[in-house]
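Please keep the sequence and the coordinates at hand while reading.

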Amino acid sequence: MEGVKRYGVLMCAEESDYVRNKHGGYFGVFVRMLAEEGERWDMYKVARGEFPEENELCLYDGFVITGSCNDAHGNDPWVHHLINLLSKLNSINKKILGICFGHQILGRALGGKVSRSPSGWDIGVRTITLSSLNLPSNLSIIECHRDEIRELPEKAEVIGWSEKTGIEMFKYGDHIMGIQGHPEYTKDILLHLIDRLIQHNFIMESFGAEIKLKAEMWEPDTKAWQRLCVSFLKGRLHGNTKLSSIDGICKYYE
């Protein structure tokens, strides 16, 4: 329909029955966080080879790239296909928001370098220091990753970091932003993922138990991240935006 804002979710994850049954899958999680009345949201399961046609790209106002169990530095055919797609989207200045794997694959597609983190897994709730957009200086976010962007391409700007990860957020021009953490996650999704990592022997049970205890002590700034992501994707957030508190983000965009 003419005049309807249209967005695409590039689904890079294979979801569990738990997330599908309780949250409507990761597509449902992202739509609840980002969608507003009157918009159209489409899903492309890119990890299964489902991609938008090149002649359809101009129909979209923006795209979101999800997390994944795959490596953004890997050589799976669909990963290379996704890199090519992101290069095309960048060339036509489409809004792109990358989350976790999405953040990393954006960094790679733009010419940066992604690899395993030298300090290992980052799982739990972590405080991010922000240096741009006149946002609060610190926001807490759920993390679940063992890879990271090690080097950004020219023209990209680091706008967030933590004591563990040097590139927690970056922006590229006014149309691309990456976030290493998971603004879309709830704590129950995090706890479920910890169990899955233990079951698949990615982490030890004792480490998982320790992470769970720590996660229960901290709350992510979910509403603030939601407002930030919505505002970026829909062109409402600029470098001169005057916001001085988490509460300010929520009130400013209500």
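The model is a predicted one, in which local features need pLDDT of at least 70 and side-chain atom pairs count only at pLDDT 80 or more, while totals for chains, interfaces and linings use all residues. Residues are numbered from 1 along each chain as its sequence is written, and side-chain values use heavy atoms, with hydrogens and water left out.

Of the 254 residues in the chain, 54% are buried (buried means under 20% relative accessible area, exposed over 50%, and partly exposed in between, with a 1.4 Å probe and protein chains only). The accessible surface of the chain, from the Shrake-Rupley method with a 1.4 Å probe, comes to about 12,100 Å², and carbon and sulfur atoms account for 48% of it. Where contacts (heavy atoms within 4.5 Å) join residues at least 6 apart in sequence, 71% of them link residues at least 24 apart.

Helix α2 spans residues 25-34, and seven of its 10 residues are buried, so it is largely enclosed by the rest of the structure. The buried residues are G25, Y26, G28, V29, F30, M33 and L34. Their cover includes α1 (17-23), β2 (40-44), β3, β4, α5 and α7 (222-233).

Helix α3 comprises the 15 residues 77-91. Its buried residues are W78, V79, L82, I83, L85, L86, L89 and N90. Seen down the axis of α3, these residues fall within an arc of 165° and so line one face of the helix; the arc is that of the directions from the helix axis to the C-beta atoms. They pack against β1 (6-10), β3 (62-65), β4 (95-99), α4 (101-109), β10 (169-172) and β11 (176-179). On the other side of α3, P77 and S91 are exposed. N93, which follows α3, has a positive phi, near 60°.

Helices α5 (residues 187-199) and α6 (residues 205-217) pack with their axes 9 Å apart, at an angle of about 170°. Axes are lines fitted to C-alpha atoms, for helices over the stretch in contact, and angles run from 0 to 180 degrees between N-to-C directions. The angle therefore makes α5 roughly antiparallel to α6, a term for angles over 145 degrees, with under 35 roughly parallel, 65 to 115 roughly perpendicular and the rest oblique. In this contact, α5 contributes K187, L190, L191, I194, D195 and I198, and α6 contributes E205, G208, I211, K212, A215 and E216.

Key: Helix = DSSP H or I, 4+ residues; strand = E, 2+ residues; numbered from the N terminus. Expected span 1.5 Å × (residues − 1).
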